[in-house]
Amino acid sequence: MTSYTPAQVTEKTGFTIDTLRYYERIGLLHHVGRTAGGRRVFTDQDVEFLQLLRCLRYTGMPVAEMLRFVELLRSGEATRDERVEVLREHERRVAAQISRLQEHQDHIRFKIRLYSGAEELAAAPA
């Protein structure tokens with residue numbers, strides 16, 4: 001099994017060391033290994049789990065909801081349906097966010113065309 005230092009994990013996941021400590025303190029990270037000297041040692045499984053957490057954070061899932069999801073995950077197979085529903089609800093929010101961003105991007109592209117002289121001023125939306 002491969003092990004990683006906190007510095008290596010920050011490179012692999014994009015989290016800062018402070019964030020790793022915070023996630024461990026609030027319970028998002030569970031049972032991070034330690035060396036005899038007390039330094040954190042992460043496994044491939046830890047890195048994979050952190051990449052899931054990164055995905056959830058980057059897509060706007062609040063930390064409280066991440067904690068709920070992690071608690072369900074740790075509760076085992078009996079919570080599978082609940083976990084799927086948490087992810088489905090989050091996916092719906094992400095899809096809505098993407099849709100809103102697409103609308104904004106379309107508006108920006110229109111303004112670029114307008115300001116570049118490619119569109120008639122009369123056709124400009126407010």
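**Close-up views of an aromatic cluster and a pocket**

**View A. Arg54 over the ring of Phe15.** In this predicted model, the charged end of Arg54 sits over the ring of Phe15, at 3.8 Å from the centre of that ring. Phe15 itself has a relative accessibility of 3% and therefore counts as buried, the limit for that class being under 20%.

**View B. The aromatic cluster of Phe15, Tyr22 and Tyr23.** These three residues, Phe15, Tyr22 and Tyr23, form one aromatic cluster, and the count of aromatic pairs in the model comes to 2. One of them joins Phe15 to Tyr23 in an edge-to-face arrangement, with 5.2 Å from centre to centre and 70° between the planes. Tyr22 and Tyr23 form a tilted pair, in which the centres are 6.0 Å apart and the planes lie at 45°. Tyr23 counts as buried because its relative accessibility is 3%, whereas Tyr22, at 34%, counts as partly exposed.

**View C. The lining of the largest pocket.** The largest pocket holds about 300 Å³ of space, and its lining includes Leu28, Leu29, His30 and Thr43, together with Gln45, Asp46, Glu48, Phe49, Leu52, Val70, Leu73 and Arg74. Helix H3 (44-58) and helix H4 (63-74) each supply at least two residues of this lining, and the largest share, 5 residues, comes from H3. By residue class, the lining of the largest pocket divides into 6 nonpolar, 3 polar and 3 charged residues.

Key
Residues are numbered from 1 along each chain as its sequence is written. This is a predicted model: local features need pLDDT of at least 70, side-chain atom pairs count only at pLDDT 80 or more; totals for chains, interfaces and linings use all residues. Side-chain values use heavy atoms; hydrogens and water are left out. Rings of Phe, Tyr and Trp (its six-membered ring) pair if their centres lie within 6.5 Å; planes under 30 degrees apart count as stacked, over 60 as edge-to-face and the rest as tilted. Buried means under 20% relative accessible area, exposed over 50%, partly exposed in between (1.4 Å probe, protein chains only). A charge sits over a ring if NZ of Lys or CZ of Arg is within 6 Å of the ring centre and within 35 degrees of the ring normal. On a 1 Å grid over the protein atoms alone, a cavity is a set of points where a 1.4 Å probe fits but cannot get out, and a pocket is an open set with protein on both sides within 12 Å along at least five of seven lines; lining residues have an atom within 4 Å of a point. Grid points are joined across faces, edges and corners, and a volume is the space filled by probe spheres set on the points. Helices (H or I, at least four residues) and strands (E, at least two) are DSSP runs, numbered from the N terminus. Ala, Val, Leu, Ile, Met, Phe, Trp, Tyr, Cys and Pro count as nonpolar, Asp, Glu, Lys and Arg as charged, and the others, Gly among them, as polar.
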